[in-house]
Amino acid sequence: MKKLLIGVMAAAICLSAAAGGAVRAEAKQNARVQDIEKTLMKQIGGMPKLNTGEKYGALVISLTNPFWVTMKDSYIAAANQYGVKIDVMAAPTEGDKQSQLETLNGMVLKNYKGIVLSPIEPFNLLPGIAEANKNKVPVVNLGPGINTEKLKEMGGHLDGRLTVNFERQGELVAKDIATKLKGKGKVAIIQGIPGAGQSEGRTAGAKKGFASGGLELVSVQPANWDSTAAYNAASDLIQAHPDLKAIFACNDVMALAVSKALIDAKAKSKILVYGIDGTEEAKKAILEKRMDGTVTYPQSVYAKAALLMMMKLSQGMKLPATVFCPLDIITSDNISQFNDYK
């Protein structure tokens, strides 16, 4: 019996040590995410009251894009963590501006304590935001920006802003491409919807980065966030520029389509492909050498910050005018550091 007891105790110690090791490993894997969360929480300031059971609304662009699917899941996880409720709505497609506005108009009538929204382009949600203001529903703008001057003309305003530096995203991509190409070669950009804040910002940043890196930008093609359009644009680009060395697509959905077009044309080995968003599909493509890089940030933390901002507003607490989320670039050189980065 004594031997059995000693054996059980030894096993328990081993299990405890293993569990401790797992915790330490997880903490190590999540170190960057934890660091970004601390940065965001410092900007946001004091915590609101938790576990109030209040209901909030979130309007994303479209659930046809894996990035926004992950944002929906992240909003729901954050609401569960903080003891509130959230409904997540979306437009049917990434270009359906009118449908997104109609969805927001319906949300304004549902007595949410706050709404966080990400517009398709700077103008399409302005009437809905103004209506939310009239109904005293706090509005936080996450990600792609809205035109605040036009909103002000309509008598409206934002109560909070949470975003990333879109121009910096493009610069990070261009800098890495320039390094890999050693400052020589022709490159191209495939945009999203012309006029959309994230598309224009990423393009501007990439243009600046390519110029400073000594690369020749030969083409900028819009593909409206659409994979088929991006595939066709990439196919046309390699026909027009057979000596092309890199393509930057302004999101991962398009970058994956670009990669497929190059693979189908047996040209991928000669051309670098980069995207934005850090989706799981993009990370897998980088591991499999179908893509070469993507710029990202942890969506779980992004959603937490947005929800806390709404909670603070609903409780009469103050917020900074704009909160910025830090960025990271994932490439084949560092992808092992992003296994648990969500």
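Which hand does the crossing of H7 and H8 have? The crossing of these two helices is right-handed, and the rest of this report sets that pair in its surroundings.

## About the model

This is a predicted model, in which local features need pLDDT of at least 70, side-chain atom pairs count only at pLDDT 80 or more, and totals for chains, interfaces and linings use all residues. Residues are numbered from 1 along each chain as its sequence is written, and side-chain values use heavy atoms, with hydrogens and water left out.

Helices (H or I, at least four residues) and strands (E, at least two) are DSSP runs, numbered from the N terminus.

## Two helix pairs

Back to the opening pair: helix H7 (residues 166–180) and helix H8 (residues 197–212) have axes that come within 6 Å and cross at roughly 35°. Axes here are lines fitted to C-alpha atoms, for helices over the stretch in contact, and angles run from 0 to 180 degrees between N-to-C directions. A crossing is called left-handed if the near helix is turned anticlockwise from the far one by less than a right angle, and right-handed if clockwise. On the H7 side the contact (heavy atoms within 4.5 Å) includes Phe166, Gly170, Ala174 and Ile177, while Gly197, Gly201, Gly205 and Gly209 are among the H8 residues that take part.

Helix H9 (residues 227–240) packs against helix H10 (residues 252–264) at an angle of about 45°, with the axes 8 Å apart. That angle makes H9 oblique to H10; angles under 35 degrees count as roughly parallel, over 145 as roughly antiparallel, 65 to 115 as roughly perpendicular and the rest as oblique. The crossing of H9 and H10 is right-handed. Among the residues that meet are Ala230, Tyr231 and Ala234 from H9, and Val253, Ala257, Ala261 and Leu262 from H10.

## The parallel sheet

Six strands form an open sheet with parallel pairing, in the order E2-E1-E3-E4-E5-E11. Its edge strands are E2 and strand E11 (323–324), each of which pairs on one side only. Two strands pair if DSSP finds at least two bridges between them.

Strand E1 (residues 55–62) has seven of its eight residues buried, where buried means under 20% relative accessible area, exposed over 50% and partly exposed in between (1.4 Å probe, protein chains only). E1 runs parallel to strand E2 (residues 85–91) over seven bridges, and Ser62 has Ala91 in E2 as its bridge partner. Between these two strands the chain passes through helix H3 (residues 66–82), and this β-α-β crossover is right-handed; that is, with the strands pointing away from the viewer, the path from the first strand over the helix to the second runs clockwise. E1 also pairs in the parallel sense with strand E3 (residues 115–117), over three bridges. In that pairing Gly57 stands opposite Ile115, and Ala58 is partnered by Val116.

## The mixed sheet

A further open sheet of six strands has mixed pairing and the order E7-E6-E8-E9-E10-E12. Strand E7 (216–222) and E12 are the edge strands, each pairing on one side only. From one strand to the next, the twist averages 20°.

Strand E6 (residues 186–191) and strand E8 (residues 244–249) run parallel and are joined by five bridges. The bridge partner of Ile190 is Ala249 in E8. H8 packs on this sheet, where it touches E6, E7, E8 and E9, and its direction makes about 170° with that of E6.

## Residues worth a click

Most residues other than glycine have a negative phi, and most peptide bonds are trans. Against that background, have a look at Asn111, whose phi is near 60°. Asn111 sits in the loop between helix H4 (97–108) and E3, and counts as exposed because its relative accessible area is 69%. Lys266 has a positive phi near 55°. Its place is the loop between H10 and strand E9 (272–276), and with 73% relative accessibility Lys266 is exposed.

Gly156, in the loop between helix H6 (148–153) and strand E5 (160–163), is buried at 10% relative accessible area. Leaving aside neighbours within four places in sequence, Gly156 is in contact with Ala130, Asn133 and Leu151. Lys342 follows strand E12 (328–331) in the chain and is exposed at 54% relative accessibility. With neighbours within four places again left out, Lys342 is in contact with Val33, Glu280, Pro298, Gln299 and Ser300.
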